[in-house]
Amino acid sequence: MKKFVLLALASTALSLPAFADGPVVPQFVEETASAGFDHTFAGEWEFVVGGGTAIFDCSGDGLPEIFVAGGTNASALFLNESSETLALRKADASGLEIDMVSGAYPLDIDADGITDLAVLRVGQSRLMKGQGDCKFTDASADWGFQAHDLWNTAFAATWEHGADWPTLAFGSYIDRTQEDFPWGNCTENLLYRGTGGKFAAPAELKPSFCTLSMLFTDWNRSGTPALRVSNDREYYKGGQEQLWHVEPGAEPVLYTEAEGWKKLKIWGMGIASRDVDGDSYPEYFLTSMADNKLQFLATPGPDAKPQYSDQAFKRGVTAHQPYTGDDKRPSTAWHAQFGDVNNDGWADLFVVKGNVWEMPDFAQEDPNNLLLGQEDGTFVESGDKAGVASMLEGRGGALVDLNGDGLQDMVVVNRNGPSQLWRNAGVAGNWVAIKPQMQGANRDAVNAWVEVRTGDRVQRQEVLIGGGQAGGILVPLHFGLGDATTAEARVIWPDGTEGDWVPVTLGQVNLVEAP
Amino acid sequence: MEPLHLNRRSLLLASAALLLPLPALAEDRPAAEEVVLKWYRLILELIRHTATYSPPVASRAFAYLGVALWEGVAQSRGLTSLAGQVNSLTSPPAPPGPLDEAALVHAVLSSATAALFFNTGPTGQRAMAAMTRKLGEKVAAGLDPTLVKTSEDHGAALTAHILAWAETDGGAHIESLGFPAEWKLTDGPAHWVPTNAIRLQQTPLLPNWGTVRTFAVTGDLPCGLEPPPEYSEDPASAFFAEAIEVYDTGVSLTDEQKLIARFWSDDPMLSPTPPGHWASILIEIATRDALPVDRLADALARLGMAVADAFIVCWRVKFEVDLVRPVTYIRRLIDPKFEPLLNTPPFPEYPSGHSSQSGAAYAVLEAIFGQDFAFDDATHEADGLPVRTFPSFKAAAEEAAISRLYGGIHFRAAIENGLTQGECVAEFANRLKTL
């Protein structure tokens with residue numbers, strides 16, 4: 001018997017927008033200064049990538065906190081004290097004031113109900129145990145986590161079938177001692193498995209190709225997530241994008257051309273995933289330079305091969321050059337995330353942009369993208385109209401409801417410039433948020449699928465820890481519902497158990513507990 | 001207190017203990033040819049990792065680097081300048097006095113590389129700076145600092161002269177990675193249309209490259225070509241037969257044909273590009289045979305100019321003929337699901353650029369090293385492709401050319417006539433007087 005619990009978060013009364021003439025453009029208000037979001041991700045070569053943000057609730061009030069990488073500055077945790085407007089307070093002595101941090105991902109490693117944090121560093125990464133009340137301690141040694149001294153740039157996590165302890169993938173970039181000749185000197189990606197509260201020594205994911213994003217994802221709905229890895233062709237030799245079989249109890253094995261995997265070589269920087277077309281299989285948006293990919297399975301179905309067609313051009317999400325301003329040089333894309341910022345029920349796409357480092361062939365004034373999804377499957381740019389076309393040197397970011405009003409707000413981490421925060425003040429449709437929860441290991445139901453049904457239409461999202469640019473969110477899954485006034489939801493749990501469809505209460509977070 | 005006696009061993013120990021870099025010693029001074037080879041290995045990486053460096057742009061850089069290097073070596077050894085022989089190059093500044101050849105070569109290549117790759121990314125910038133600093137220390141070890149300074153200053157002056165010349169050739173400035181913001185497609189099915197879904201590549205690469213000033217090639221539109229078979233959709237036509245050949249080959253490729261196609265694919269951003277492939281061959285030979293710097297500089301200059309001229313002449317014809325690519329024709333008339341092995345380059349088909357520049361490259365290298373000069377080609381070894389052995393430069397060029405048929409990106413006429421065009425271009429480079 002699944003339990004649905006209506007959480008106490010208040011919902012705001014929302015007026016219904018008109019959806020007749022294209023997507024409604026939400027209005028964002030920058031509240032960086034007024035909210036007290038004073039932080040800079042800084043650094044030179046070793047922080048030319050990174051700048052991730054991890055967003056999760058560590059105070060228990062339902063409003064998520066913001067952890068931000070600092071590069072050569074200390075990383076910082078911002079406590080969320082928002083109400084109608086956004087309000088943050090930089091935490092003192094949270095334990096997360098760490099040097100040389102490139103990014104972080106939240107997850108509950110030890111299943112104690114308190115979210116922990118995997119902190120990526122240029123150096124040894126750390127696993128920070130949540131102690132409650134937004135305090136953290138380094139549990140790397142206690143958990144047997146043997147960190148390598150690497151330029152850590154990517155992370156993903158899953159719970160393999162039957163496992164009582166998570167499987168973590170850490171991606172790394174270049175051998176930073178190779179100043180003269182860095183090309184071809186990618187360092188190792190590592191897979192950590194464990195049991196009984198300890199990680200074993202990591203296994204190398206050979207070959208490793210200078211990874212900037214990783215994601216455990218059930219690409220073919222087999223029930224067993226695979227590890228998708230996006231790699232930066234700038235540095236590898238003989239490399240490509242990768243997909244790994246990660247079967248319980250077996251060594252990870254790459255998908256091969258014989259299995260249908262087709263070589264793709266891009267400046268891979270970030271992965272975002274969503275079932276955009278409603279066929280129950282996830283699509284993948286891959287960020288790069290001057291060319292981004294939106295991959296759809298070529299032949300979806302139970303016997304699908306991992307072959308993808310790129311529909312970025314067809315659907316209007318190439319995001320290959322600035323859409324506003326005078327600088328028309330090609331763009332550089334980093335973090336990407338799907339969301340629904342206008343709650344119209346069609347997935348939107350948020351892409352953080354920024355020049356690598358004074359590269360003159362690429363735009364210096366490179367605005368972030370807010371691409372609004374439409375019923376016909378295409379997207380339209382709205383970043384300038386929505387008020388989020390920042391021209392700073394973006395890296396990480398997030399779409400997340402920070403003040404519990406049912407509207408996804410926006411966080412952007414810039415390199416060598418102030419991080420930014422926008423409150424979504426737009427008119428929006430109805431919404432619902434679903435928080436799946438399990439007992440014991442994998443409390444947050446990572447790699448479960450959450451489905452929301454309105455009439456004949458089903459939206460679905462996979463619970464993911466990974467992807468993006470060096471950062472991710474762990475919050476209830478947000479679904480825009482347009483003008484629907486009722487909805488049902490179910491969860492397909494990581495073990496394949498299909499929950500029942502049950503009505504949900506709109507305008508608030510619904511807790512769904514596993515059997 | 002006893003005086004401190006420093007020797008190599010004590011320095012090693014002291015440096016290791018203090019984690020300090022070892023000072024360069026005179027006995028470790030690299031010869032000028034070693035300096036050249038180190039710089040060219042870095043240049044091959046910069047070609048690969050600089051976003052504007054499509055094959056034509058890469059060829060231009062090899063030409064200017066080669067000429068700058070040659071002028072330095074020529075002055076150092078009293079050999080013949082290319083000034084007055086190649087288009088619009090005036091005499092470079094004379095040396096102010098005695099020069100050290102290795103220091104001069106290092107200064108020329110460091111300054112020319114920094115200028116030509118000013119737009120490379122932060123990693124390339126770091127690598128260039130590190131090479132300039134570390135190799136410069138080795139080159140200067142044990143030399144009179146005044147001689148080092150004179151050589152460095154004159155090297156920079158030589159480079160400035162070459163770069164001023166380069167600035168006027170019409171190819172110095174590349175916008176939007178070489179893809180114009182707008183381009184009107186030629187009407188009719190015979191003509192090029194975009195072949196992929198990359199937004200930037202909906203216009204053709206460098207449509208005006210055919211107007212860039214040539215180096216050794218002189219005269220009005222030399223090295224013209226026979227036109228390709230007349231466009232036709234008639235299954236009995238010569239054009240259709242060429243398309244069928246690409247299709248039949250593409251759907252029945254042997255493993256060896258696939259390997260050949262990939263070996264010569266030489267994609268920009270994933271390899272040193274076709275001109276870099278030939279530069280890599282020359283560098284391997286120079287390393288194997290310990291080529292002296294004068295012969296090495298001569299070969300690099302001629303090779304660079306030949307491939308650059310080949311691309312210019314080839315591009316001129318490409319945009320005059322503006323021929324449709326095989327993938328477009330075959331999908332429309334033969335098999336809508338046809339997938340060529342290689343990605344089709346984003347510009348018109350006729351003639352084949354790789355064939356043209358390979359024809360020029362082999363003919364130049366053959367004139368320098370001889371007809372039956374065997375060599376190994378390890379250009380793509382680090383990328384996992386095997387070393388290939390060739391009995392001659394011509395055999396390599398012919399394989400490079402036919403690889404485009406195997407790859408499904410060119411018709412036979414573009415391949416065969418491209419090679420011929422390259423041979424014609426090479427004759428101009430071969431006439432230059434140097435050694």
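## Confidence in the model

The model scores ipTM 0.91 and pTM 0.94. Chain B averages a pLDDT of 94, and 94% of the residues score at least 70. One stretch of chain B calls for care: over residues 1-21 the pLDDT is below 50, and this stretch has eight contacts in the model beyond near neighbours in sequence. Where pLDDT is low, the predicted coordinates should not be read in detail.

## Chain A in outline

Chain A is made with two helices and 42 strands. Its C-alpha atoms fill a box of roughly 60 × 55 × 50 Å along the principal axes. Of the 515 residues of chain A, 59% count as buried. If you take the contacts in chain A between residues at least 6 apart in sequence, 60% of them join residues at least 24 apart.

## Strand 24 of chain A and its partners

Strand 24 of chain A covers residues 293-297, and four of its five residues are buried, so the strand is largely enclosed by the rest of the structure. Strand 23 of chain A (residues 283-287) pairs with strand 24 of chain A in the antiparallel sense over three bridges. In that pairing, Y284(A) stands opposite Q295(A) of strand 24. The hairpin of strands 23 and 24 of chain A has five residues between the strands, and there A290(A) takes a positive phi near 65°.

Strand 24 of chain A also pairs with strand 25 of chain A (residues 308-310), again antiparallel and over three bridges. Here L297(A) stands opposite Y308(A) in strand 25 of chain A.

L227(A) has W244(A) in strand 20 of chain A as its bridge partner. As background for reading such a sheet, the side chains in a regular strand alternate between the two faces of the sheet.

## The two domains of chain B

The domain assignment of chain B gives domain 1 (8-166) and domain 2 (179-430). Taken over C-alpha atoms, the centres of these two domains of chain B are separated by 30 Å. Between them, 32 residues of domain 1 of chain B are in contact with 39 residues of domain 2 of chain B.

On the domain 1 side of chain B, helix 2, helix 3 (55-77) and helix 4 each supply at least two residues that touch domain 2. The largest share, 14 residues, comes from helix 3 of chain B. By class, this side of domain 1 of chain B has 21 nonpolar, five polar and six charged residues.

## S111(B), a buried serine

S111(B) sits in helix 4 of chain B. With 21 C-beta neighbours inside 10 Å, S111(B) counts as buried, because 20 or more are needed. Leaving aside neighbours within four places in sequence, S111(B) is in contact with G155(B), A156(B) and T159(B). The C-alpha atoms of S111(B) and L65(B) are separated by 10.0 Å, although the two are 46 residues apart along the chain.

## Helix 5 of chain B and the contact with chain A

Where the chains meet, 25 residues of chain B are in contact with 28 residues of chain A. Helix 2 (32-49) and helix 5 (122-140) of chain B each supply at least two residues of the side of chain B that touches chain A. Helix 5 of chain B gives the largest share of that side, seven residues. The residues on this side of chain B divide into 13 nonpolar, seven polar and five charged.

Helix 5 of chain B also has an inward story. Its buried residues include T123(B), M128(B) and L135(B), and the buried residues of this helix pack against helix 2, helix 4 (101-116) and helix 6 (145-166) of chain B. At 1.5 Å a residue, the 19 residues of helix 5 of chain B should span 27 Å, which agrees with its end C-alpha atoms being 27 Å apart. Just after helix 5 of chain B, G142(B) takes a positive phi of about 80°.

Note on methods: Residues are numbered from 1 along each chain as its sequence is written. Chains are lettered from A and ligands numbered from 1 in the order in which they are written. Two residues are in contact if their C-beta atoms, placed from the backbone, lie within 7 Å. Ala, Val, Leu, Ile, Met, Phe, Trp, Tyr, Cys and Pro count as nonpolar, Asp, Glu, Lys and Arg as charged, and the others, Gly among them, as polar. The expected span of a helix is 1.5 Å times one less than its number of residues. A residue is buried if 20 or more other C-beta atoms lie within 10 Å of its own, exposed if 12 or fewer, and partly exposed in between; C-beta atoms are placed from the backbone. pLDDT is the predictor's confidence in each residue, from 0 to 100. Two strands pair if DSSP finds at least two bridges between them. Domain bounds come from an automatic or database domain assignment.
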